[in-house]
Amino acid sequence: MASFDVMPDVQLYQPAELDDALNLAERFGDSGWLVGGGQDTYGWLKDRAKNPQAMIELNGIDALSGISETDDGIEIGATTTLREIIRDERINRDYSLLAQAAGRVASPQIRNVGTLAGNLVQDARCWYYRRGLACYRAGGNICYADGPESMNREHAVFGASRCVAVSPSDTATALVALEARMIAESTSGRRSIAAEDFFVGPDTHITQMTSLKDDEILVAVRIPSKWAGKRFYFEKVADRDVWDFALVSVAVAMSMDGDTIADSRFVCGGVACTPHRLTNVEKAARGKALSEESAEAVAGLASAGAKPLNYNHFKLPLMENLVRRAMRG
Amino acid sequence: MNPQLSRRRFIKAVIASSAAAASGTGFHSALAQDRPRGAVERLISLNVNGQTRRVDVAPQEMLAHTLRYKLGLSGTKIGCNRGECGACTVLIDGVTNYSCSTLTHGVRTRAVQTVEGLQAADGTLHPVQQAFIDELSPQCGFCTPGQVMSAVALLDENPTPTREEARQAMSGNLCRCGAYDHYLNGVMRASGQNS
């Protein structure tokens, strides 16, 4: 496939009001493309791998930006940049898990413009798919990443169904751990979706990563106070420290009862098409103290049930080791 | 080449393009009534290096393209054109951005600074530029304008960074010569600290 230096001919809309954006989203449907920071958008368009008719840029809508307090926690507007999240005092105090995850995204320049919603709804990084091949995810009937000769070191070990791509978002793992809710809006109204249900696997919907409909806009993320100020652990393992996606990442929230874990959420990124909750680990961790012993006791559960592909067996011990490190205290 | 043929081709091309232009206008005026709110105008003003520049910008045009090919500011380099290498780094409202991955229409109301805007009116180089020369930071020099802009943004915000902070701030700029440590030496020198 040829690679192009310039953007294709595509219309641009820069609505200043959310209502106008919702109307545009409805009008263009699946031939419209919502743009936040655009860092996932322009590659698709320059490569001609996706060909929307119009870009709808949301950065001019004030109502979509900023961090505010709610009755129970905080609300982060969709176009709030990762830079703002990393520097926000309240997030660093109460939900530092999210600030840490956001701080490990891509490079400084990308965090400066990249939005929270854009990071959450970014498309799969499978290079066969990104190359514009007609794979399952692109509406075809073959997976190029799952074959004897396929290069699938970065691909899924859980939840694959025809497509074996993984969830690339670092902030998604943190938000699932924090039990956030996603607020989606269309001209017909608003709905609130639990973070865990927001991300969908290929068995549910193979051509999209989230449950957003074509005419819907992710307008905000709400984080409840349930995990505010609790004990957090975030670690992302990637080949490079900058501009790289997680091979495996782990986001953990734990509420402690004295020295022992009363309740916890363990979520792995880079191992499944959605942020992958380690419910076995959560159950086993309950009532345990943070120590080398409990780390040893629960770590093996992390990879239970995994189905590795040809080149990604290494993700299993990697997941176990990340859980071990989170449990050592 | 047969001149007859090329003339015919030329005439055909003229006819085709004027027809396209005509139908384009028709389409535009028809749409003007029912134009969705939020559509962009092509002729815009940009604030670049403190000057207001009027320029005709296509809706999908990237800032690096506008700067280099329409405003003559070729100090901003295009490397990967995918927001990965950092050669095109410019400051927008004082913050580093990959200009190859920034819609020009998105910066209409904002202040753009490129490497051309750094030196003083009398030609004195910016302290970062001077420090990069003193430390022999660049090798081939292609990534240098981007490295300079990242360093300027860092020092504006944090005048005395640690070497590790500088490393983080410069991490979105690749250098295929591998002169990273030399650039860090330059940043530390520009901040008045001995590297």
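In chain B, 57% of the contacts with a separation of 6 or more join residues 24 or more positions apart. Keep in mind that this is a predicted model. Chain B has 195 residues, and 39% of them count as buried.

What is chain B built from? Its secondary structure comes to six helices and five strands.

The five strands of chain B make an open sheet, and its order is 2-1-5-3-4 with mixed pairing. Strand 2 and strand 4 of chain B sit at the edges, so to speak: each pairs on one side only. On average, neighbouring strands here are turned by 40° against each other, if you ignore direction.

Take strand 3 of chain B as a closer look. Strand 3 and strand 4 of chain B pair in the antiparallel sense, over four bridges. One residue pair to look up is B:Thr89 with its bridge partner B:Tyr98, which lies in strand 4 of chain B. Helix 4 of chain B packs on the sheet and touches both strand 3 and strand 4 of chain B. The direction of helix 4 makes about 35° with that of strand 3 of chain B.

| Element of chain B | Residues |
|---|---|
| Strand 2 | 51-56 |
| Strand 3 | 89-92 |
| Strand 4 | 95-98 |
| Helix 3 | 127-134 |
| Helix 4 | 144-157 |
| Helix 6 | 180-190 |

Which residues of helix 3 of chain B are buried? They are B:Val128, B:Gln129, B:Ala131 and B:Phe132. These four lie on the same side of helix 3 of chain B because they cover an arc of only 165° around the axis.

Among the elements covering the buried residues of helix 3 are helix 4 and helix 6 of chain B. The face turned away from that buried side carries B:Ile133 and B:Asp134, both exposed. Just after helix 3 of chain B comes B:Leu136, with a positive phi of about 50°.

**Meeting chain A**

Chain B also touches chain A, with 26 residues from chain B and 30 residues from chain A taking part. On the chain B side, strand 4 gives the most, with four residues. By class, that side of chain B has nine nonpolar, 13 polar and four charged residues.

Notes
Residues numbered from 1 in each chain as written. Chains lettered and ligands numbered in written order. Predicted model: local features only at pLDDT ≥ 70, side-chain atom pairs only at ≥ 80, totals over all residues. Pairing = 2+ DSSP bridges. Helix = DSSP H or I, 4+ residues; strand = E, 2+ residues; numbered from the N terminus. Axes fitted to C-alpha atoms, helices over the stretch in contact; angles between N-to-C directions. Contact = placed C-beta atoms within 7 Å. Buried ≥ 20, exposed ≤ 12 C-beta atoms within 10 Å, placed from the backbone. Nonpolar A, V, L, I, M, F, W, Y, C, P; charged D, E, K, R; others polar. Arc of directions from axis to C-beta.
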